[in-house]
Amino acid sequence: MPAVPKTLRSGRAFTFTVLPLAAVVLGGGTTRWSQGIVLAAVGLILLAVPPRVSLGWKINAVLAALLALAGTAFLPAGWFRTPAWRVALTDDLATTFPTTLGPQPWLSAESLVLFAGGTAWFYLMASVAWTADERPRAGRWFAGGVVALAAAFIACKTLHLTPPIWHTERNFGPFPNRNQTADFLGVGALPVLACAHLAWRGKRRGAAAGWL
């Protein structure tokens with residue numbers, strides 16, 4: 001595989017780390033307009049830097065099976081045994097359901113598109129030939145972004161400021177549910193700790209202390 005120019009490696013690492021953080025800034029990616037922006041960005045990145053290697057038939061089969069399972073919501077409901085809740089809603093409350101297995105096919109379609117976009121992003125990230133210096137650089141940028149967002153959450157909470165695109169609970173973080181904010185900060189703390197560990201191994205004690 002030909003060597004990737006240094007400027008391209010830096011730009012690629014920056015792009016791959018900024019997009020997940022941008023989804024958080026855009027109201028946590030929980031509204032349709034923010035999801036549309038993120039999915040459009042994923043599509044543009046796939047067009048610019050498509051996966052050039054396969055992850056192997058085993059991983060491909062697992063991903064294809066997961067997508068197929070997600071698509072079962074559109075199968076005819078008559079192919080399966082009718083659940084008790086569907087019978088109760090139909091008979092007792094005269095609720096009309098579509099003929100699909102999923103009771104809300106439009107929501108199922110929305111979820112399937114989001115799942116397909118996430119799967120494509122995972123495949124791209126897993127198939128990229130990361131270089132030895134590109135991987136830790138991307139990790140540091142992502143960890144730094146997590147720290148910056150955590151500081152922004154605290155500042156907004158302290159100053160009683162809420163960006164208009166954030167539908168936040170208790171004015172902390174961009175997510176409508178505080179558990180989502182906690183998940184982001186909890187998972188985001190892992191690369192921060194990894195950066196501290198790498199700095200400590202590299203005998204850069206000041207950088208390690210800074211990450212901690």
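A: Start with Lys203, which sits in the loop linking helix 7 (178–201) to helix 8 (205–211). Bear in mind that this is a predicted model. Although Lys203 isn't a glycine, its phi is positive, about 60 degrees. With a relative accessibility of 65%, Lys203 is exposed, because the cut-off for that label is over 50%.

Ala94 is another non-glycine residue with a positive phi, about 55 degrees. You'll find Ala94 in the loop that runs between helix 4 and helix 5, and at 61% relative accessibility it counts as exposed. Then there's His160, which follows helix 6 and has a positive phi near 55 degrees.

That brings us to helix 6, which covers residues 134–159. How does its length check out? At 1.5 Å a residue, its 26 residues should span 38 Å, and the end C-alpha atoms are 37 Å apart, so the two agree. Its buried residues are Glu134, Arg137, Ala138, Ala143, Gly145, Val146, Leu149, Phe153 and Cys156. Arg137 has a relative accessible area of 15%, so it falls under the 20% limit for buried. Its side chain meets that of Asp133 in a salt bridge, 3.3 Å from N to O. Asp133 itself is partly exposed, at 30% relative accessible area.

What about disulfides? The count comes to zero, since a pair of cysteine sulfur atoms would have to lie within 2.5 Å to qualify.

Back to charged pairs: the structure holds two salt bridges. Besides the one between Asp133 and Arg137, there's one between Arg32 and Glu110, with the closest N and O atoms 2.8 Å apart. Arg32 is in helix 2 (residues 32–48) and Glu110 is in helix 5 (residues 105–127), so this pair ties together parts that are 78 residues apart in sequence. Arg32 is exposed at 60% relative accessibility, while Glu110 is partly exposed, with a relative accessible area of 24%.

If you care about greasy surface, look at Val62, Leu66, Leu67, Leu69 and Phe115, which form a nonpolar patch with about 420 Å² of accessible area together. Helix 3 (residues 57–70) supplies the largest share of that patch, four residues. Leu69 lies in helix 3 and is exposed, with a relative accessible area of 58%.

One last stop is Val87, in helix 4 (residues 84–92). Val87 is partly exposed at 36% relative accessibility. Leaving out residues up to four places away in sequence, Val87 touches Thr82 and Asp92. For a sense of distance across the model, the C-alpha atoms of Val87 and Trp200 are 61 Å apart, and 113 residues separate the two along the chain.

Key: Residues are numbered from 1 along each chain as its sequence is written. This is a predicted model: local features need pLDDT of at least 70, side-chain atom pairs count only at pLDDT 80 or more; totals for chains, interfaces and linings use all residues. Side-chain values use heavy atoms; hydrogens and water are left out. A salt bridge is a side-chain nitrogen of Lys or Arg within 4 Å of a carboxyl oxygen of Asp or Glu. Helices (H or I, at least four residues) and strands (E, at least two) are DSSP runs, numbered from the N terminus. Buried means under 20% relative accessible area, exposed over 50%, partly exposed in between (1.4 Å probe, protein chains only). Contact means heavy atoms within 4.5 Å. Patches are made of residues with over 30% relative accessible area and no salt bridge: like charges are joined within 9 Å, nonpolar side chains (Val, Leu, Ile, Met, Phe, Trp, Tyr) within 5 Å. Accessible areas come from the Shrake-Rupley method with a 1.4 Å probe; for residues, only the protein chains shown count as cover. The expected span of a helix is 1.5 Å times one less than its number of residues.
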